[in-house]
Amino acid sequence: MAQHSDDPRPPASGNRQGRATRLRLERAALERFAEHGIEATTVDDIVERAGTSIRTFFYHFATKHDVVTSNISDDISRFSRLLFARHELEPVDALLAAIEADTAELELDDVALLRWEVVAREPAVGAVATELREQLRAVLLAWVASRTARDIDSIEVRSIAAALVAVRNEVIDEWARHRGDVDVAALARAGLSAVRIR
């Protein structure tokens with residue numbers, strides 16, 4: 001999980017010990033968030049549970065909210081890369097392949113599941129989730145416009161992109177809700193059955 005690009009600090013997870021410490025902090029924070037909520041949890045609570053210091057926490061994360069959201073932009077970048085890499089496929093097939101490859105690259109461990117649970121029920125991450133949905137929408141707008149040779153601002157392109165955002169998010173949510181034990185391709189096909197990209 002990468003730090004935000006505007007963060008001047010060096011990546012703290014460049015070595016095994018740094019990655020282990022970051023993971024310990026993530027797990028401690030997400031457990032506290034799940035039990036008490038983000039706003040009721042302090043950085044002191046997190047570091048006490050993780051057995052680290054405040055300085056160590058801020059070496060890895062700019063804020064406590066970053067524990068929840070720091071990897072989501074990376075997820076969107078990965079999905080964009082996978083989607084635009086499939087020029088040779090028909091649009092629906094390209095989208096299905098990107099969704100399947102995306103879930104195959106996602107790490108579905110206990111920390112990822114905790115994060116998903118916190119995001120799903122925490123109003124404090126609502127604004128960030130909205131911003132990230134907009135990032136995903138921008139990726140899909142550009143992709144649909146490139147695949148349909150239509151203007152990116154046309155109602156058709158905007159409508160298709162909005163539907164694809166919903167399909168992709170529902171598939172990922174269902175996949176996480178079932179702890180990865182679902183047929184992602186079947187879910188995506190079912191979701192895409194009503195969307196026509198021409």
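## Helix α1 and its surroundings

Helix α1 covers residues 16-36, which makes 21 residues. From its first C-alpha to its last it reaches 30 Å, close to the 30 Å expected at 1.5 Å a residue. The model is predicted.

Much can be said about what α1 hides. Its buried residues are Gly 18, Thr 21, Arg 22, Leu 25, Glu 26, Ala 28, Ala 29, Leu 30, Arg 32 and Phe 33. The cover over them includes α2 (43-50), α3 (54-60), α4 (64-69) and α7 (110-121). Just after α1 comes Gly 37, with a positive phi of about 90 degrees.

**The whole chain**

The chain has ten helices and zero strands. Read from the N terminus, its elements run α-α-α-α-α-α-α-α-α-α. It holds 198 residues, and 43% of them count as buried. Take the contacts in the chain with a separation of 6 or more: residues 24 or more positions apart account for 67% of these. The accessible surface of the chain comes to about 10,400 Å². Carbon and sulfur atoms own 52% of that surface.

**α1 against α7**

Two packed helices are described by the angle between their axes and the distance between the axes. The axes of α1 and α7 come within 9 Å and cross at roughly 35 degrees. The crossing of α1 past α7 is left-handed. On the α1 side, the contact is made by Leu 23, Glu 26, Arg 27, Leu 30, Glu 31, Phe 33, Ala 34 and Glu 35. On the α7 side, Asp 110, Val 111, Leu 114, Arg 115, Val 118 and Arg 121 take part.

**Helix α6**

Helix α6 spans residues 91-105, a run of 15 residues. At 1.5 Å a residue it should span 21 Å, and its end C-alpha atoms are 21 Å apart, so the two values agree. The buried residues of α6 are Pro 91, Ala 94, Leu 95, Leu 96, Ala 97, Ala 98, Ile 99, Ala 101, Asp 102 and Thr 103.

His 60 is found in helix α3. Is it buried or exposed, at 4% relative accessibility? His 60 counts as buried, because 4% is under the 20% limit.

Arg 133 lies in helix α8, residues 126-148. Its relative accessible area is 39%, so Arg 133 is partly exposed.

Ala 149 sits in the loop between α8 and α9 (155-177). At 74% relative accessible area, Ala 149 is exposed. Its backbone also deserves a look. Most residues other than glycine have a negative phi. Ala 149 has a positive phi, near 55 degrees.

Technical notes. Residues are numbered from 1 along each chain as its sequence is written. This is a predicted model: local features need pLDDT of at least 70, side-chain atom pairs count only at pLDDT 80 or more; totals for chains, interfaces and linings use all residues. Side-chain values use heavy atoms; hydrogens and water are left out. Helices (H or I, at least four residues) and strands (E, at least two) are DSSP runs, numbered from the N terminus. The expected span of a helix is 1.5 Å times one less than its number of residues. Buried means under 20% relative accessible area, exposed over 50%, partly exposed in between (1.4 Å probe, protein chains only). Contact means heavy atoms within 4.5 Å. Axes are lines fitted to C-alpha atoms, for helices over the stretch in contact, and angles run from 0 to 180 degrees between N-to-C directions. A crossing is left-handed if the near helix is turned anticlockwise from the far one by less than a right angle, and right-handed if clockwise. Accessible areas come from the Shrake-Rupley method with a 1.4 Å probe; for residues, only the protein chains shown count as cover.
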